[in-house]
Amino acid sequence: MNDILVANNVTKKFGNQIALNNVSLAIPKNSIYGLLGPNGAGKTTLIRIINQITFPDSGEVIFDGELLQPHHIASIGYLPEERGLYKSMKVGEQALYLAQLKGLSKSDAKQKLKYWFDKFEIGDWWNRKIQELSKGMAQKIQFIVTVLHEPKLLIFDEPFSGFDPINANIIKDEIIKLKEKGTSIIFSTHRMESVEELCEYIALLHNAEKILDGRLVDIKKQYKNNMFRVGLELENGENFLKLISDKFDISSSHYDVNSKQLDFTVQLPTDDTRSFLALLSSKSSINNFVETIPTANDIFIQTVQRKTDHE
Amino acid sequence: MNKLFLIIRREYLAKVRNKSFVIMTFLSPILMVGMIVLIAYLTKINDSQKRIIAVFNESNYFSTDFNTTERTSYIFFKDISLQAAKDSTLSLGFSGLLHIPKRSDLEEVAQNSYFYSKDAPSNIVLDPLEDIFEERLRQRKLIDIGVSTEEFTTINDRFEINIATFTGEQNIKGINEMKAFIGGGFGYLIMMFIIIYGGFVMRSVIEEKTSRIIEVIISSVKPFQLMLGKIIGTSLAGITQFAIWIISASLLLFGVFLVFGIDLTGLSDPSAITTNPMSSMSPMPTTTNAMQLYALEFLQIPWFMLISLFLVYFILGYLIYSSIYAAIGAAVDNETDTQQFIFPIILPLMLAIYVGFFSVFSNPNGPIAVGFSLFPLTSPIVMLMRLPGGIGEGGVPLWQVILSIVFLIVTFIGIVWLAAKIYRVGILMYGKKPTYKELYKWLKY
């Protein structure tokens, strides 16, 4: 079993509204898995099903080889998008309470809290009330509380919202460290750009359906379409552009006469670039030649469009 | 189970440590006592004004009847005209003028007597005057049929009937009113507790929603556990408060008994004392005896039964209502949205109190009283008002008590199940205030 979590044909309806339609996916162990999709796609519903907050109408969820059961709650850490803490409760007391609810003993929880409080250098917050802390400070406490019980699976729903860039980086580093220690992580967001550097795998949800999933590099490979960004230095750029325009699909071209710089994007018929490069190098000096790999956002938009075209 | 305990403990501590809780616990009895003292004092001031009534008696009767009392003094006019008497009464600011004209016959005198005053006089003013007339007329009529004045005074003794239950216990008058008030007190306590602590539960749910901690919590525990823990924790805080009040009230009462010298040892053999209170007492003024009787009767109320049943009704009633409150808290986003949902809850509570005070007091075993003491939404209050009369003979039939508790338990299970469903869906819903129709839909999620 190399998957920490497998969902098989999960369907969930709220009244007449379908929140998840026959969604299946597998989340490999020790990876960061991006759960992507616009607001209302069904991400939160799926996450709530994993956390056993709601239950699917049909389909099953398998956690670490077993059918999902109440005791698995202790092996899952969840940072919801809508998150908060008791405002009038003291930081330490509250962290202890939440840790104990996750099944830690009091002494265990204390010891682990001390480790994290020292790590974030916030030991002196222990006796302060949440309402005395800034939003960013409270978010740190929230993060600690989420990961404290060392769950096998961590679920972060929009983890960086509410953090300033510095703290967002600290949290990002911690997430990466947790993954290196062997934790599997689900990372849910509608901001595709934050996915690229973190996620190894992704799944795209749209209108309650999974429309795409897999390893991010594979998906990108699949979605790349032999587009290249080319930069050349040559005299008479316009003439050359005309010459190759007859044979190739050229777009967004620009020639700067002063610097003799010609830039354009080309769509090649195959991924074999040799003949094209030979043609280029015979006429000019090449100063850049880059394959334009689609971003997660591009992939998402493409897929959704393709999907809607089909319907 | 362990998690439930954790939740209860948190809710309890959160409530008990709250400053307003501490203040309310210690301040409200003082406020209550202060209020009673203030009302008593104000009433006394209101009544303490002495009335002066002018009497212009031209007849041959009533010469010795108008005696100055604590509240009223009489001033007599003589040998002046009626108009002059009226004028001087007005100018001297007396409460009124009683004119008794000169006639040959008493009845005629009485018929033609008038009481003049600036405003229409109250009964407090008129009653003593009317009593004097009635007394004289009755005496006169009795003399007519051959009863002498001496005989008249002997037959005019006041009489109060002795009352007892069929089991032979002697009762004293007014004890039923006292019992009803004690029951009413318990019922009222339950209503107040439900409204206050139900409100606390509701606000606590709303707080978890607005602080957005709810999803964090319910990813660790079941929503039902959280709801139950919250209700139990909050009510334990309430019980703590009540325990403090009851203990301090008992101490106070004990102190009062001690100060007034009421023999508490009589408790050990209450029947002996109530059947013949005089025998065990050293000679004491009769007022103390009456007081002693009341005190003993007060202590004779089946307190153990009453308090245990109070706890049963209290716990069940409170659980029913507070789970509704919890569901309301879960359904809305802020307190201002709660009004339309709260009204239907307060309604049966108010109804119970009013039915209790009006029908149960006059007839604790009447059909209305019985009906409302079986209906689960009103029974905790109405039944408690009936209970001080005891269970069984002369009191509430045992089957009614059992039936009402069974109804309560069934309702409790049903309501908690419904409330938990609404709660489970509601805590994760943000945005607009739901309608009743939407609440109904949530039941099916």
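**Close-up views of a predicted two-chain model**

**Figure 1. The largest nonpolar core of the predicted model.** This core comprises 137 residues, and those with the most contacts inside it are Leu36(A), Ile155(A) and Ala326(B). Helix H13 (residues 303-331) of chain B supplies the largest share of the core, 16 residues. Another core, of 10 residues, lies apart from it and includes Phe77(B), Leu97(B), Leu98(B) and Val109(B). In soluble globular proteins, nonpolar side chains tend to be buried together.

**Figure 2. Surroundings of Leu36(A).** Beyond its neighbours within four places in sequence, Leu36(A) is in contact with Thr189(A), Met192(A) and Val195(A), as well as with Ile202(A), Ala203(A), Leu204(A) and Leu205(A). Ala296(A) and Phe300(A) complete the set of contacts. Thr189(A) is also the bridge partner of Leu36(A) in strand E8 of chain A.

**Figure 3. Strand E8 (residues 184-189) of chain A and the strands paired with it.** Strand E8(A) is mostly covered, with six of its six residues buried. Ser184(A), Ile186(A) and Ser188(A) point one way from the strand, whereas Ile185(A), Phe187(A) and Thr189(A) point the other way. In a regular strand the side chains alternate between the two faces of the sheet. Strand E3 (residues 32-36) of chain A runs parallel to E8(A) and is joined to it by five bridges. Strand E7 (residues 153-157) of chain A likewise pairs with E8(A) in the parallel sense, over five bridges; in this pairing Leu154(A) stands opposite Ile185(A).

**Figure 4. The β-α-β unit that ends in E8(A).** Strand E7(A), helix H5 (residues 165-180) of chain A and strand E8(A) form a right-handed unit. In the domain assignment of chain A, domain 1 spans 3-83 + 150-221 and domain 2 spans 225-291. The C-alpha centres of these two domains lie 42 Å apart.

**Figure 5. Helix H15 (residues 367-374) of chain B and its cover.** The buried residues of this helix are Ala369(B), Val370(B), Phe372(B) and Ser373(B). Their cover includes helix H14 (339-362), helix H16 (379-386) and helix H17 (398-426) of chain B.

**Figure 6. The contact between chain A and chain B.** On the side of chain B, 16 residues are in contact with 19 residues of chain A. Helix H1 (2-16) and helix H8 (214-218) of chain B are the elements that give two or more residues to this side. By residue class, the chain B side divides into eight nonpolar, three polar and five charged residues.

Notes
Residues are numbered from 1 along each chain as its sequence is written. Chains are lettered from A and ligands numbered from 1 in the order in which they are written. This is a predicted model: local features need pLDDT of at least 70, side-chain atom pairs count only at pLDDT 80 or more; totals for chains, interfaces and linings use all residues. Two residues are in contact if their C-beta atoms, placed from the backbone, lie within 7 Å. Helices (H or I, at least four residues) and strands (E, at least two) are DSSP runs, numbered from the N terminus. Ala, Val, Leu, Ile, Met, Phe, Trp, Tyr, Cys and Pro count as nonpolar, Asp, Glu, Lys and Arg as charged, and the others, Gly among them, as polar. A residue is buried if 20 or more other C-beta atoms lie within 10 Å of its own, exposed if 12 or fewer, and partly exposed in between; C-beta atoms are placed from the backbone. Two strands pair if DSSP finds at least two bridges between them. A crossover is right-handed if, with the strands pointing away from the viewer, the path from the first strand over the helix to the second runs clockwise. Domain bounds come from an automatic or database domain assignment. A nonpolar core is a set of buried Ala, Val, Leu, Ile, Met, Phe, Trp, Tyr and Cys residues joined through C-beta atoms within 7 Å.
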